[in-house]
Amino acid sequence: MQRTEVLIIGGGITGAGIARDLACRGAELVLVEASDFSNGATGRCHGMLHSGARYAVNDPISATECAAENTILKRIANFCIEDTGGIFVSLKNDDLDYADRFLSSCKKTGVAAKEITVEEALKKEPMLSKEIVRAFEVPDASVDPFLLTLGNIESAREANAIALNYHSVREFEINEGVIDKVIVENLRNGSVEIFKPEIVVNASGAWANKIASLANLSIEMTLDKGSMVVINGRLTNGLINRLRKPSSGDIIVPSYSSSIIGTTSIRVDSPNENKATEEEVDFLIRETAMMIPDIAISRAVRAYAGIRPLCGSDRSCGREISRTFQLIDHSEQGIENFISVIGGKLTTYRLMAERVSDLVASKLGLSGSCKTAIDPLLSVNREDIHARIASSIANRVVRKSLLFANDVIQRCTEELRGMEVVCSCEEVLRGELSYWCNHQDVKELSDLMRRTRVGMGYCQGGLCIFGLLSTMIDHSDRDPMELLVRFIIERERGVEPVLFRGQLKEEFFKEHLINGVYHLDAYSRGEYEKDLER
Amino acid sequence: MNVALRTSDCIKCSACNTVCPVVSIDGISGFSGPRNLVVDLPRFFAGRMISSQEIFKCTTCWKCEEVCPSSLPLPDSILRLREMMFNEKNLVEGHKRIVENIDRYGRSIEPQLGERMVYVKHEAEILYFPGCISEMRVTSIFDATVQLLEKADVKFGIPANWVCCGAPLEKIGDLNRLESLREMNLMRFGRFDEIITSCPGCTTQFFRHYDRDPLHTIEVLWEATRKNRLKFKPPRNSIRVALHHPCHIKRTIGPQIIDQAYDLLQSIPKVKIVELEDPDKCCGGGGGVVAGFPDLALKLATSKMMDACRSGADILLAPCPFCVLNLRRVDIGRVEEFITFINVYAEREA
Ligand SMILES: Cc1cc2nc3c(=O)[nH]c(=O)nc-3n(C[C@H](O)[C@H](O)[C@H](O)COP(=O)(O)OP(=O)(O)OC[C@H]3O[C@@H](n4cnc5c(N)ncnc54)[C@H](O)[C@@H]3O)c2cc1C
Ligand code: SF4
Ligand code: SF4
């Protein structure tokens with residue numbers, strides 16, 4: 001049994017942000033995450049660092065929060081943000097009055113929006129449709145949610161926090177209105193670990209109600225699925241937004257070597273219903289192609305979906321519920337040391353974390369103050385890295401390697417074949433993989449993906465799978481076939497809704513390759529899958 | 001359409017990299033290969049491209065496109081990127097020279113022999129466009145072509161004041177200069193629609209950028225032998241020859257010309273044809289590589305000449321002035337230009 005001041009449930013951006021904040025204030029804490037960090041809504045979001053503009057007209061509180069956090073994050077977390085800027089465009093038949101309201105609302109809420117001429121917009125974004133009639137520039141940016149979360153986790157660890165992935169909360173032991181013990185299953189080996197925390201913070205996003213139910217409480221919330229499609233290639237320099245009342249298929253986010261289009265909004269019953277459908281893919285391509293026509297002829301590589309936990313259950317449409325967050329102190333419902341936080345956005349995670357930490361700190365009587373708006377998330381030591389490795393690669397590797405750039409580069413330059421490109425879609429080096437294979441957090445091949453982007457490109461693990469698997473089994477005693485099958489299942493889930501044109505051909509080819517190399521035909525694969533289920 | 005979009009149907013089979021002659025010589029670290037350059041990298045940039053000299057190492061042999069199961073326009077995309085990257089101030093030494101020569105002489109190379117005379121003997125029905133190399137470097141091509149066309153009774157003329165077709169400019173990405181050369185040439189071609197060329201580079205250029213359908217000399221000669229206007233006498237001693245299949249004939253103008261070249265060789269008595277192991281392997285002479293990366297071009301040519309020696313041929317025949325120039329830089333083996341060789345044995349049919 002392990003005592004701790006704070007136990008945080010959930011290793012998405014919210015949990016990670018709280019962990020960093022509280023650890024820096026000197027709290028003793030443990031964070032547990034059932035899967036890998038950022039594998040919930042966080043890693044399945046659109047990756048947009050909002051400027052607030054999208055919410056200016058209908059949700060002014062969110063808008064103001066986003067505007068402030070946008071500036072802060074660009075300062076403290078620039079390693080995972082591409083400050084590309086964004087443009088809002090109205091098309092011919094869009095409500096043009098909305099554009100005027102938009103500009104004045106931006107002014108009121110503190111969002112820096114500026115009208116530019118159609119010619120200027122086309123010059124900035126040559127791929128834009130010639131049909132646009134008005135355009136506004138805003139400071140939107142593209143953010144890597146995996147890196148942002150891992151950055152917070154590592155920063156918390158630097159301040160002595162314990163963060164454990166593959167640890168799932170199973171049960172609470174409640175004693176006279178206090179959560180006395182939290183029973184956690186270690187999914188790496190099936191063992192049970194017991195924590196005795198003074199305060200429990202429920203940051204489990206879409207699962208918040210499920211966690212609350214362990215304390216016989218319920219949280220009123222609705223689940224709203226949003227899907228996105230990864231389009232091969234960067235079609236735009238910055239983000240493109242449709243200027244209209246927020247609806248589906250409004251946004252294009254350039255991210256690494258792709259453009260991500262989204263999103264939809266569909267009510268669902270369970271956080272596990274996070275699969276994008278072919279209909280959603282069709283819809284999103286049609287809708288966003290009105291802004292960037294080339295999307296219609298581009299290759300859709302993958303589709304994925306995340307679940308938004310929205311506070312309240314009264315209203316019918318997911319988009320009308322405020323995107324600002326809700327902080328619940330369950331002492332009012334009879335559990336003294338239990339706090340839940342739900343809703344919000346990736347963009348405002350830091351602010352949410354600050355509010356939660358304030359509450360926790362006052363309960364614990366901590367005196368340290370919040371410094372997350374000032375201290376850079378990671379103090380990466382870039383010294384002589386650039387001298388040791390070709391600079392274009394160095395930039396990318398350093399960006400992805402959080403605090404470990406020096407060690408990662410060392411692997412790349414000193415290991416046999418460390419500089420070999422294993423994943424050419426995303427330019428991932430064998431040395432990077434080899435570093436992360438030895439990291440305590442990495443269990444599955446997809447954990448390597450979230451840390452290095454291996455397998456995220458247009459072949460979706462088609463070619464890198466061989467190098468990826470061989471590197472992993474050099475450093476792990478896991479059954480390679482099990483690793484392989486798990487990875488393939490995960491990748492296929494996202495490919496299924498886009499099986500047409502390029503991706504269809506790709507999948508046929510991969511089927512042959514993987515069957516040929518690993519003798520993994522449909523039958524033997526089915527057997528493995530059955531084994532995994534058991 | 002941007003490059004990333006044109007090549008987005010890649011399935012990553014790597015067939016292109018496997019057959020790329022430059023990858024085979026320079027390794028993936030020296031030349032990261034067609035897939036990386038025109039499929040993978042352009043995805044990271046919206047309508048822009050990083051500057052890298054590497055892209056100028058491609059010989060435009062078109063081999064990658066031939067094997068690509070998705071038939072992606074790979075060499076074309078490489079040329080497109082060169083065009084986007086073109087910056088007169090950043091050219092490598094050899095490419096700078098091409099541009100200077102064109103500006104000064106209207107030729108891609110510096111004149112060495114003084115300009116050849118304008119040759120119009122008959123009431124011309126068709127134009128012969130000699131091209132820079134045949135006119136001033138491998139001059140035997142010019143002489144042989146003129147003699148052969150005469151023997152075959154072709155009523156041809158050479159346009160006065162022609163300028164370089166622009167093929168080298170396309171290869172270094174200078175499409176503005178190419179355009180002005182094109183206009184000058186078209187003006188000088190006047191009423192003539194039909195053009196004969198003795199250089200696959202010119203031939204390719206005319207159909208890619210001039211919207212013409214030019215004939216290669218081999219096609220004209222083949223036609224003439226079929227119509228019994230030409231016949232061949234045997235050499236004194238029998239000769240073993242091997243035929244190099246130039247990339248720009250085999251994969252851009254059309255493989256039928258290679259067949260025609262074999263037909264012509266077969267009709268010369270006592271000429272024995274031996275096969276090269278990999279007859280359409282690139283000799284390194286194209287794509288501006290001889291000018292830009294002479295060492296790389298030499299290595300490719302050496303590999304070709306080794307093949308020729310292994311085949312047991314006395315002479316390696318190459319129907320392309322660029323190939324001949326580059327192959328002759330190698331110290332081993334003997335290279336002859338194809339038309340020049342044919343001309344020695346061709347006679348007017350009585
Ligand atoms: C489709 C979509 C698009 C979005 N786009 C954007 C955007 O562009 N910009 C933006 O700012 N915001 C965006 N958001 C919002 C943003 O993604 C979320 O607000 C944010 O990621 C929420 O993070 P979280 O940590 O609260 O939840 P999550 O990331 O879901 O984290 C909860 C974690 O709890 C874990 N957990 C669950 N049960 C247990 C258990 N029993 N034990 C231990 N751990 C458990 C889960 O595994 C999960 O990792 C988007 C959201 C969606 C759904
Ligand atoms: S055209 Fe030839 S040299 Fe150029 S990339 Fe393709 S195979 Fe390589
Ligand atoms: S041959 Fe074609 S499909 Fe195969 S890797 Fe090369 S570009 Fe891609």
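Which residue has a backbone N or O atom that lies 3.1 Å from an oxygen atom of ligand 1? In this predicted model, the residue is A:Gly344. A polar contact is a pair of N or O atoms within 3.5 Å; within protein, one must be able to donate a hydrogen and the other to accept it, and residues adjacent in sequence count only if both atoms are side-chain atoms. A polar side-chain atom of A:Thr42 is found 2.5 Å from an oxygen atom of the ligand, and a polar backbone atom of A:Met48 is 2.8 Å from a nitrogen atom of ligand 1. Taken alone, ligand 1 exposes 990 Å², of which the protein buries 93% (Shrake-Rupley method, 1.4 Å probe; for residues, only the protein chains shown count as cover).

The model is predicted: local features need pLDDT of at least 70 and side-chain atom pairs count only at pLDDT 80 or more, whereas totals for chains, interfaces and linings use all residues; side-chain values use heavy atoms, with hydrogens and water left out. Residues are numbered from 1 along each chain as its sequence is written, and chains are lettered from A and ligands numbered from 1 in the order in which they are written.

Six of the six residues of strand 5 (residues 86-91) of chain A are buried, so this strand is largely enclosed by the rest of the structure. Buried means under 20% relative accessible area, exposed over 50%, and partly exposed in between (1.4 Å probe, protein chains only); strands (E, at least two residues) are DSSP runs numbered from the N terminus. Strand 5 pairs with strand 7 (residues 132-138) of chain A in the antiparallel sense over six bridges, where pairing requires that DSSP finds at least two bridges.

How values were computed. Helices (H or I, at least four residues) and strands (E, at least two) are DSSP runs, numbered from the N terminus.
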